[in-house]
Amino acid sequence: MSSLRVWAVRRRAGATPLNAKMSYNRGKIRPPGAIVKLSAKDFKSWDNKCITLLGMSGVGKTRLALRLRKRHWFHYSGDYRIGTRYLDEAILDNIKQQAMQIPFLHDLLRTDSIYIRNNITVDNLQPVSSFLGKLGNPERGGLGLKEFKHRQALHRDAEIAAMKDVPEFIRKSKAIYGYRHFVNDAGGSLCELDDPETIKVLAEHTLVLYIKANEKDEQELIKRAEDDPKPLYYREAFLDEQLAIYLREKGHGFVAEIDPDDFVRWMFPRLFYSRIPRYQAIVDQYGYTLSTDELKEVRDEASFLRVVERVLERQA
């Protein structure tokens with residue numbers, strides 16, 4: 001099947017008008033400005049599959065992407081791109097600032113006797129998480145509200161830029177590295193960006209798959225976050241609203257009184273459930289939903305492709 005037929009706008013005559021300006025060579029699977037749902041047959045015939053995995057952190061996006069990477073898919077990690085390209089300097093500055101408070105390291109850094117560099121890998125994104133930080137008491141490792149919001153804004157801008165890099169990396173993954181297929185392992189906060197252009201770019205160049213947790217997996221994700229609270233990205237309006245409620249409930253007068261881990265534990269379920277309709281809104285316009293029950297059927301590339309084809313047939 002020709003590349004044009006893979007994603008052609010289906011019409012009664014089965015033909016695609018010449019003025020549709022197909023952009024397959026740039027990696028697109030949809031005509032500009034049009035929302036086209038792929039059939040299972042079209043997906044199966046798509047020679048260079050490009051997929052964006054959407055969903056809450058911990059739902060299984062990276063685990064799936066790693067499985068596909070073993071089968072020669074190019075694994076594009078949004079968080080890796082954020083940390084190595086867009087927040088690299090900010091992350092290093094934060095680490096150096098902390099190191100300068102240690103007398104032994106202070107003079108060594110000032111005389112360039114030692115240097116610090118990031119060691120971010122697709123499998124180790126801790127520096128990105130550490131930079132984002134947690135809100136609260138600085139004596140417990142927390143950040144003040146102004147600095148916390150500043151880092152949140154930097155992360156938002158970085159995530160938007162990283163997602164807009166996807167088309168170019170689709171091209172490079174094939175032209176430079178020789179990969180046939182591409183998987184975009186997007187961050188859980190993608191639905192929070194409030195940047196329609198970013199979502200549109202992904203929808204024009206990739207098949208958007210939302211991994212939706214069932215009720216049991218929802219509770220497991222929440223429990224995991226309570227057991228090991230990690231830094232999170234929040235929309236500023238959502239943060240302001242929930243922070244006011246938290247301070248009132250806890251009887252705190254100042255952000256500096258907040259236990260950083262307690263705030264994350266309190267916030268996570270609220271953030272989780274606030275994101276579900278946002279993911280759904282993206283899917284309703286651009287994508288497809290893959291349940292965690294279906295995800296559990298995936299053992300290798302072949303089973304993944306079968307599951308996706310079934311999803312496309314069901315949601316056609």
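Q242 is buried, at a relative accessible area of 9%. In this predicted model, Q242 sits in helix α12, which covers residues 236-250. Apart from neighbours within four places in sequence, the residues in contact with Q242 are W266, M267 and R270.

The protein as a whole has 316 residues, of which 49% are buried. Its secondary structure consists of 15 helices and five strands. Of the contacts with a separation of 6 or more, 75% are between residues 24 or more positions apart.

The strands form an open sheet in the order β2-β3-β1-β4-β5, and the pairing is parallel. The edges are taken by β2 (73-77) and β5 (288-291); each has a single partner strand, so one side of each has no neighbour in the sheet. On average, neighbouring strands are turned by 25° against each other, direction ignored.

The loop between α3 and β2 contains H72. The phi angle of H72 is near 75°, a positive value in a residue other than glycine. H72 counts as exposed because its relative accessibility is 55%, and the cut-off for exposed is over 50%.

For F263, the contacts beyond four places in sequence are L135, Y234, L239, L243, Y246 and I258.

Helix α8 can be checked for its length. It has 20 residues (145-164), and at 1.5 Å a residue these should span 28 Å; the end C-alpha atoms are 29 Å apart, so the two values agree. The buried residues of α8 are F148, R151, Q152, H155, A158, E159, I160, A162 and M163. An α-helix has 3.6 residues a turn, so residues three or four places apart point the same way. That spacing can be followed along α8 through F148, R151, Q152 and H155, which are among its buried residues.

Charged pairs are the remaining topic. The structure holds 20 salt bridges. One of them joins R278 and D194, with the closest N and O atoms 2.8 Å apart. R278 belongs to helix α13 (residues 260-286), while D194 is in the loop between β3 (181-185) and α10 (196-205), so this pair ties together parts 84 residues apart in sequence. R278 counts as partly exposed because its relative accessibility is 23%. D194 has a phi angle near 50°, a positive value in a residue other than glycine.

Another salt bridge is formed by E294 and R310, where the closest N and O atoms are 3.9 Å apart. E294 lies in helix α14 (residues 292-295) and R310 in helix α15 (residues 301-314), so the pair links parts that are 16 residues apart in sequence. How do the two partners stand in terms of burial: what is E294, and what is R310? E294 counts as buried because its relative accessibility is 8%, whereas R310 is partly exposed, with a relative accessible area of 35%.

R310 also meets E297 in a salt bridge, at 2.9 Å from N to O. E297 is in the loop between α14 and α15, and R310 is in α15, so this bridge ties together parts 13 residues apart in sequence. With a relative accessibility of 40%, E297 counts as partly exposed. Salt bridges that share partners join E294, E297, R310 and R314 into one network.

Methods: Residues numbered from 1 in each chain as written. Predicted model: local features only at pLDDT ≥ 70, side-chain atom pairs only at ≥ 80, totals over all residues. Heavy atoms only, no water. Helix = DSSP H or I, 4+ residues; strand = E, 2+ residues; numbered from the N terminus. Expected span 1.5 Å × (residues − 1). Buried < 20%, exposed > 50% of the residue type's maximum accessible area, 1.4 Å probe, protein only. Contact = heavy atoms within 4.5 Å. Salt bridge = Lys/Arg side-chain N within 4 Å of Asp/Glu carboxyl O. Pairing = 2+ DSSP bridges. Axes fitted to C-alpha atoms, helices over the stretch in contact; angles between N-to-C directions.
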